[in-house]
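Biologist: Let us go through this chain together. I will ask, and you answer from the coordinates.

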Amino acid sequence: MEEVCVRCNKKVTVHTIQKFETSDVLGDELIGTTNQVLICDECGNEIAYEPYDRQTLQKVYDIYKLLHGLPVTTTMQEVKELKSKNKLTKVYER
Ligand SMILES: [Zn+2]
């Protein structure tokens, strides 16, 4: 597989690694997930890759839903709306 590496400034062959990252996409708390990340074979730079980014976001939301006792069917949009209305309470704090 080939992608453009911004550091090498050209198309390079890439490989995928698993990387543990924390994300605060939902603002008030950090959520850790093990994500797939695309790496440049030549310089080791991380390359933004939309399908992996989408996977990561989905995982973060899934964990967020678990932590807040939301049904797994809750969409990302619904989570955002609930959050903006401050209706979420952390399950582990009850
Ligand atoms: Zn590179």
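Biologist: Among contacts between residues at least 6 apart in sequence, what share joins residues at least 24 apart?
Modeller: This is a predicted model. Contacts here are pairs with C-beta atoms within 7 Å. In the protein chain, the share joining residues at least 24 apart is 39%.

Biologist: What radius of gyration does the protein chain have?
Modeller: The C-alpha atoms fill a box of roughly 50 × 20 × 20 Å along the principal axes. A compact globule of 94 residues would come near 12 Å. The protein chain has 17 Å.

Biologist: In what pattern do the helices and strands follow along the sequence?
Modeller: The chain holds 2 helices and 4 strands. Read along the sequence, the pattern is β-β-β-β-α-α.

Biologist: How many bridges join β2 to β3?
Modeller: β3 covers residues 31-40, and the two strands run antiparallel. S23 stands opposite I31 in β3. The number of bridges joining β2 to β3 is 10.

Biologist: Which residue in β4 is the bridge partner of I39?
Modeller: β3 and β4 (residues 46-47) pair in the antiparallel sense over 2 bridges. They form a hairpin with 5 residues between them, and G44 in the turn has a positive phi of about 80°. The partner of I39 in β4 is E46.

Biologist: Is N9 buried or exposed?
Modeller: N9 lies in the loop between β1 (2-5) and β2 (10-23). Its phi is near 60°, a positive value in a residue other than glycine. N9 has 8, so N9 is exposed.

Technical notes: Residues are numbered from 1 along each chain as its sequence is written. This is a predicted model: local features need pLDDT of at least 70, side-chain atom pairs count only at pLDDT 80 or more; totals for chains, interfaces and linings use all residues. A residue is buried if 20 or more other C-beta atoms lie within 10 Å of its own, exposed if 12 or fewer, and partly exposed in between; C-beta atoms are placed from the backbone. Two strands pair if DSSP finds at least two bridges between them. The radius of gyration is taken over C-alpha atoms; the globule rule is 2.2 Å times the number of residues to the power 0.38. Two residues are in contact if their C-beta atoms, placed from the backbone, lie within 7 Å.
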